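Subject: Structure handover and notes

Hello,

Please find the structure below, followed by my notes on what turned up in it.

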Amino acid sequence: MTLQWHIRQFNELSLIQLYEVLRLRSEVFVVEQNCVYQDIDSKDTKARHIIGEFDGNIVAYARIFKPGDYFEKASIGRVVIDTRYRDRKWGHELMREAIAGIKKHFGATQITISAQLYLQNFYEQHEFVKMSEMYLEDDIPHIEMRRE
């Protein structure tokens, strides 16, 4: 089976979708990565939300921003796949949806991300190039990457 994809503005998310997105982000970025940080960062209201559903459950998620809302260029963040589904390689499908969403909704082709260092190779497979040295973000090694 394949994922069903939705792109929603913040005010288009149902309460259930918002709850499930925040649950998934907390499960991965706070609990799995053992990182105490403020996930709800006031940027969700500016973002468009890429949601991948499988069997009625949200299992893939990212948020995209138009140029100037997060970085100077358009950007992708909070890229996450439910741990139970990572063996299906849906992260690649999620990135393709996010890149296409930026082109469709913002007319942008240049994208900047703040990538966790251990995922550098994953993002390089989607034509992102390392642009910075390693830095800590919420005590996790990150690098800035850009796709032209």
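Is Phe 54 buried or exposed? Phe 54 is buried, because its relative accessible area is 10% and the cut-off for buried is under 20%. Please keep in mind that this is a predicted model.

Aromatic pairs

The structure holds seven aromatic pairs. In one of them, the rings of Phe 54 and Trp 90 have their centres 5.1 Å apart, and with 55° between the planes the pair is tilted. Phe 54 belongs to strand 2 (residues 48-54) and Trp 90 to helix 2 (residues 90-106), so the pair ties together parts that are 36 residues apart in sequence. Trp 90 is buried as well, with a relative accessible area of 6%. A further pair, Phe 122 with Tyr 123, is edge-to-face, at 5.0 Å centre to centre and 75° between the planes. Both of these residues, Phe 122 and Tyr 123, are buried. Phe 54 and Trp 90 also form one aromatic cluster together with Tyr 85.

Salt bridges

Side chains of opposite charge can pair when their charged atoms come close. The count here comes to eleven salt bridges. Among them is the one between the side chains of Glu 20 and Arg 23, at 3.1 Å from N to O. Both residues lie in helix 1, three residues apart, which is about one turn of the helix. Glu 20 is partly exposed at 22% relative accessibility, and Arg 23 is partly exposed at 24%.

Another salt bridge joins Asp 69 and Lys 66, with 3.8 Å between the closest N and O atoms. Lys 66 is partly exposed, at 42% relative accessibility.

Arg 147 and Glu 127 also meet through their side chains in a salt bridge, 3.6 Å from N to O. This pair links distant parts of the chain, 20 residues apart: Arg 147 is in strand 8 (residues 140-147), while Glu 127 is in the loop between helix 3 (120-124) and strand 6 (129-130). Arg 147 counts as buried at 11% relative accessibility, whereas Glu 127 counts as exposed at 55%.

The network around Arg 78

A network of salt bridges links Arg 25, Asp 41, Asp 44, Arg 63 and Arg 78. Arg 78 is located in strand 4 (residues 74-81) and is buried, with a relative accessible area of 15%. The side chain of Arg 78 makes a polar contact with that of Asp 41, at 3.2 Å. Beyond its neighbours within four places in sequence, Arg 78 is in contact with several residues, including Arg 25, Phe 29, Tyr 37, Tyr 61 and Arg 63. Between Arg 78 and Gly 68, ten residues apart in sequence, the C-alpha to C-alpha separation is 17 Å.

Two further places

What does Gln 17 touch, leaving aside its neighbours within four places in sequence? Gln 17 is in contact with Arg 8, Glu 12, Ile 51, Glu 53 and Ile 58. Gln 17 is found in helix 1 (residues 15-32) and counts as buried at 11% relative accessibility.

Regards

Notes: Residues numbered from 1 in each chain as written. Predicted model: local features only at pLDDT ≥ 70, side-chain atom pairs only at ≥ 80, totals over all residues. Heavy atoms only, no water. Helix = DSSP H or I, 4+ residues; strand = E, 2+ residues; numbered from the N terminus. Buried < 20%, exposed > 50% of the residue type's maximum accessible area, 1.4 Å probe, protein only. Contact = heavy atoms within 4.5 Å. Salt bridge = Lys/Arg side-chain N within 4 Å of Asp/Glu carboxyl O. Polar contact = N/O pair within 3.5 Å; in protein donor to acceptor, adjacent residues only side chain to side chain. Phe/Tyr/Trp six-rings, centres within 6.5 Å; stacked < 30°, edge-to-face > 60°.
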